[in-house]
Amino acid sequence: MSVAAATLDDTIRLMSQRTVTRLALVGAGNIARAHAAAAASLPDAVELVAVVDTRREAAEALAEASGAAAFGSVEEMLAALGGTPAGVPDAAVVCTPPSARVEAARRLLAAGCSLLLEKPLAHTVADAEALVRLADAYPAAVAVTGFCHRFTPAVGAMIGLVAEGRIGEVVRCENTFAADLPHLRGHWMSDSAVAGGGSLIDTGLHSLDLFAYLFGPATVEGAVFRCGWEGRSESNATVLLRAGGAHAAAAAGGARIETVYPVAGVVACGWAENSRFDLRLVGTAGSLLYDFEKPEAVFLTTPAGTETLAVETHEVRFDRQLAAFAARVAGGPGDAPLCGFAGGLEALRRVAEAAMLDAASRPEAPASAPASAPASTPAPLRNGNGNGVHLAATAASEAFAEAGR
């Protein structure tokens, strides 16, 4: 059985009636390559014109493969392209480490570029708040956070199946993104000063966003972190969420999940455990499972048995996200599941709440530890292993986990 969903062709057809979006990539690492591949898949909608990276050789390598120009800084790119007939790019996808986002965004918005900032929006809540204010100051620009899993076809299919009543009332959402990635011990992604946290602010942030997207604003009810790498951010995290009900989430095809009762969320993420990537919705009459390592099937289980439903692979999620972003930049429809900067900020606030709850539960934590992160606390908290947890938040298999997260 196949599950109907809006197709990428539908979005491209709408875009073909408009101007092609000229795009810059700021950052030339793993995730930038995923966006470059998405741009290459949309030749009638997107033209990649520039790649920027302080490591010029990385910018040149990705630019050469994409037919774009390479630059060593945003300033260099804007100065060079601003003097050409075509002008600066219409939009930019920013894939820098999180701590470098604000100044790049400020310059790009001032130059007239719309922005898709990779998640996390920033490495601190304070920087994310600054980015929201920046976006508000440039209302003509499109400003979105890169939560690509909203565009996973299975997510849209699951919304449709819930809307049809196939599993009854949803009571729980379970989402795991985990892998054994020992090399991240020495990577900037586990350096809280650069990334803002560890596994939760990386892959776990997708889970926090998906839960809010499906079931509405959430509170963090509990959290347990583990820092398996001395002096680094958390390598593993488990978070319990609660959504209060009375919410409706719309899929691309128009189907909606409408909840009345509270829904529980379980987020599990890690860089030091066996690989598992799955999304499960548990209802009063059945359950839905999507295993990212079995990418073309959703499993519907009811008392009658398990039915396998065909879906398009999650590998198209970057293509669909970029197509929706470019369509919005070109003045197209605004109903795609894009996430604004405000949504990226809220996800970071959930990271902050989770880190504070974990810290408060440790034996050495004071009994009066607050249940949510303070508005501005520059020093990192300490977890039970004695490692610093920056709290993005106080002021704020492997190919999938890194190249396609």
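Author: A helix, as the word is used here, is a DSSP run of H or I with at least four residues, numbered from the N terminus. This is a predicted model, and in it helix α9 covers residues 203–215. The residue that follows α9 is G216, with a positive phi near 95°.

Reader: What makes α9 a helix by that rule?

Author: α9 has 13 residues, and the rule asks for at least four, so α9 qualifies.

Reader: How does the reach of α9 from its first C-alpha to its last sit against the span expected for it?

Author: It reaches 19 Å, close to the 18 Å expected at 1.5 Å a residue.

Reader: Why is α9 called largely enclosed by the rest of the structure?

Author: Because 12 of its 13 residues are buried. Among them are H206, D209 and F211.

Reader: Why are C95 and C269 called buried?

Author: Buried means under 20% relative accessible area. C95 has 9%, so it counts as buried, and C269, at 1%, does too.

Reader: What makes strands β7 and β13 a pair?

Author: Pairing takes at least two bridges, and nine join β7 (residues 170–180) to β13 (residues 272–283), so they pair. They run antiparallel, and F177 stands opposite F277 in β13.

Reader: And what makes β7 and β12 a pair?

Author: Same test: seven bridges against at least two, so β7 pairs with β12 (residues 263–270) as well. Here the sense is parallel, and R172 has A264 in β12 as its bridge partner.

Terms used. Residues are numbered from 1 along each chain as its sequence is written. This is a predicted model: local features need pLDDT of at least 70, side-chain atom pairs count only at pLDDT 80 or more; totals for chains, interfaces and linings use all residues. Side-chain values use heavy atoms; hydrogens and water are left out. Buried means under 20% relative accessible area, exposed over 50%, partly exposed in between (1.4 Å probe, protein chains only). The expected span of a helix is 1.5 Å times one less than its number of residues.
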